[in-house]
Amino acid sequence: MMRNLPASAAAGAPLAGLALLSARADAAERGMPQLNIPDFAPQLVWLAISFIVLYVLMAWLGLPRIGVAIAARRDRIDGDLARAAQVKAEAEAVLAAYQKGLAEARAQAQATLKATHDRFAAEAAERQRELGEQLAQQIAAAEARIAATKNEALAEVRGIAVDVGRAVVEKLTGAMPNDARMAAAVDRTLAGPAAARVH
């Protein structure tokens, strides 16, 4: 039996080769197997089986991983948006504090400027008042000096007028005039223009 096995295998080899050659020739005559109408039913069955297997694999293995990745990305995006909103709120708070500080600084600067202006104006008014008082005192002193100088000048003019009048009268009449009458005449003469100005 064992001896007949190699012999039968050797005898069957040419038959297998002939079957393979005939199958190839048959396939060459039929064309592409996908376009062979009798092969459509098995192809559709295997297509459905492959689709179902791939769908089950995607549903059990692929889609959960994709869902986890999408959820992680959504969580990360939500976290980034929350942090961005927080940073924006902090920036707005810092900007509001800056604007408030700037407004307070401006108000303080204006108040300081107004206080300085008022102080300088008060000091200038005080200096002007003191200067006015000093000028008034100096003017009063100058007027007093002028009045005293005028009185002295008038007294000297009166004395000179009395002496000149006495000398003229004495030269014209040859007699010595009365001093009291001469002084009265000079006083009337000096008072004449002032009286005329008053009237």
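**Salt bridges and a buried valine**

Modeller: Arg119 and Glu123 sit four residues apart in helix 2, so about one helical turn separates them. Keep in mind that this is a predicted model.

Colleague: What do Arg119 and Glu123 form, and how far apart are the closest N and O atoms?

Modeller: They form a salt bridge, with the closest N and O atoms 3.6 Å apart. The cut-off is 4 Å, so that distance counts.

Colleague: Why do such side chains pair at all?

Modeller: Opposite charges can pair when the charged atoms come close.

Colleague: How accessible are Arg119 and Glu123?

Modeller: Arg119 is partly exposed, at 43% relative accessibility. Glu123 is partly exposed too, at 33%.

Colleague: How many salt bridges does the structure hold?

Modeller: Five. One of them joins Lys114 to Asp118, with 3.0 Å between the closest N and O atoms.

Colleague: Where are Lys114 and Asp118 in helix 2, relative to each other?

Modeller: Four residues apart, so about one helical turn lies between them.

Colleague: Is Lys114 buried or exposed? And what about Asp118?

Modeller: Lys114 is exposed, with a relative accessible area of 53%. The cut-off for exposed is over 50%, so Lys114 passes. Asp118 has 38% and counts as partly exposed.

Colleague: Which residue meets Asp80 in a salt bridge?

Modeller: Arg83 does, at 2.2 Å from N to O. Both residues lie in helix 2, which covers residues 40–173. They are three residues apart, about one turn of the helix.

Colleague: And how accessible are Asp80 and Arg83?

Modeller: Asp80 is partly exposed at 37% relative accessibility. Arg83 has a relative accessible area of 48% and is partly exposed as well.

Colleague: Which residues are linked in a network of salt bridges?

Modeller: Glu126, Arg129 and Glu133.

Colleague: New topic. Where is Val162 found, and is it buried or exposed?

Modeller: Val162 is in helix 2. Its relative accessibility is 8%, so Val162 counts as buried. Buried means under 20%.

Colleague: What does Val162 touch, leaving out residues up to four places away in sequence?

Modeller: Met182, Ala183 and Val186.

Colleague: How far apart are Val162 and Asp179 in sequence and in space?

Modeller: They are 17 residues apart in sequence. In space, the C-alpha to C-alpha distance is 8.0 Å.

Methods. Residues numbered from 1 in each chain as written. Predicted model: local features only at pLDDT ≥ 70, side-chain atom pairs only at ≥ 80, totals over all residues. Heavy atoms only, no water. Salt bridge = Lys/Arg side-chain N within 4 Å of Asp/Glu carboxyl O. Helix = DSSP H or I, 4+ residues; strand = E, 2+ residues; numbered from the N terminus. Buried < 20%, exposed > 50% of the residue type's maximum accessible area, 1.4 Å probe, protein only. Contact = heavy atoms within 4.5 Å.
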